Amino acid sequence: GRTPENPLKTTAMEFKEYIAIIRRDFALFLVLIAIIVGGALVWQQSQPKTYEATLLLNVGRTKMQPTEEYTYDSFYRLQADERFADTVVRWLEAPRVVEDIYADAQVFERGEFTGKRLSSQVIEVTYQAKIKKDLSRLSGSMVTVLNRYTESLNKEKNDANGWFVILGSDPVVADARIPFSPVLGISLLVGLFLSFWIVLLKHYFSPSKTQ
């Protein structure tokens with residue numbers, strides 16, 4: 001009977017054929033990679049300048065009143081702080097609140113705020129702007145407007161643990177554009193993949209191959 005072919009040997013032969021095909025069209029292979037990588041780098045450099053700020057907001061209390069009642073190690077106070085922090089995150093998603101913040105900062109190019117509660121009393125807010133100084137103006141207006149909404153909420157409460165107040169720090173500012181290194185690495189991998197298949201398709205559909 002016929003001896004079956006070794007699958008490993010067949011795979012090795014196919015791999016050698018692929019290498020031979022790439023070598024025959026190596027110039028085209030390199031040109032395609034250069035076009036893909038070059039296009040990606042041109043796109044990276046042409047990104048509009050945008051800055052991203054990260055701001056930490058802290059939920060505090062004011063007008064503390066002494067009490068002799070057992071407070072369960074401040075459990076109920078921390079629970080209230082957590083619920084209020086969630087409320088602040090929801091406020092930052094509301095178009096009315098966002099509009100008030102931009103109006104107070106006198107920043108005319110509108111964006112959005114992304115809030116995330118990190119703990120019972122700490123909220124992280126990220127937002128972007130094309131002008132760097134607008135980020136600091138927005139952070140100050142954010143604290144001002146959120147405390148304005150907080151005051152209206154405090155009027156409805158009579159808590160011995162004090163009224164809520166929002167405290168903000170200076171934002172951490174970074175370049176929001178996609179960095180050079182990831183673009184170079186991803187475009188190189190995509191270029192290798194696409195160039196490999198384009199060269200193979202060119203070989204399979206060439207007149208010498210079809211005859």
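Buried means under 20% relative accessible area, exposed over 50%, and partly exposed in between (1.4 Å probe, protein chains only). The views below come from a predicted model, in which local features need pLDDT of at least 70, side-chain atom pairs count only at pLDDT 80 or more, and totals for chains, interfaces and linings use all residues. Residues are numbered from 1 along each chain as its sequence is written, and side-chain values use heavy atoms, with hydrogens and water left out.

**View A. R117 of strand β2 with E82 and D86 of helix α3.** Helices (H or I, at least four residues) and strands (E, at least two) are DSSP runs, numbered from the N terminus. A salt bridge is a side-chain nitrogen of Lys or Arg within 4 Å of a carboxyl oxygen of Asp or Glu; by this rule the count comes to eleven. R117 forms one with D86, the closest N and O atoms being 2.7 Å apart. This pair links strand β2 to helix α3 across 31 residues of the chain. E82 also bridges to R117, with 3.7 Å between the closest N and O atoms; here the partners, in helix α3 and strand β2 (residues 114–117), are 35 residues apart. R117 counts as partly exposed at 30% relative accessibility, as do E82 at 32% and D86 at 29%. Shared partners join E82, D86 and R117 into one network of salt bridges.

**View B. The salt bridge of R61 and D81.** The two side chains meet at 3.0 Å, N to O. R61 lies in strand β1 (residues 51–62) and D81 in helix α3 (residues 75–93), so the pair ties together parts that are 20 residues apart in sequence. Both R61 and D81 are buried.

**View C. The crossing of helices α4 and α5.** The axes of α4 (residues 95–105) and α5 (residues 132–154) come within 8 Å and cross at roughly 130°. Axes are lines fitted to C-alpha atoms, for helices over the stretch in contact, and angles run from 0 to 180 degrees between N-to-C directions. The angle makes α4 oblique to α5; under 35 degrees counts as roughly parallel, over 145 as roughly antiparallel, 65 to 115 as roughly perpendicular and the rest as oblique. The crossing is right-handed, that is, the near helix is turned clockwise from the far one by less than a right angle.

**View D. Residues in the contact of α4 with α5.** Contact means heavy atoms within 4.5 Å. Helix α4 contributes R96, V97, D100, I101, Y102, D104 and A105.
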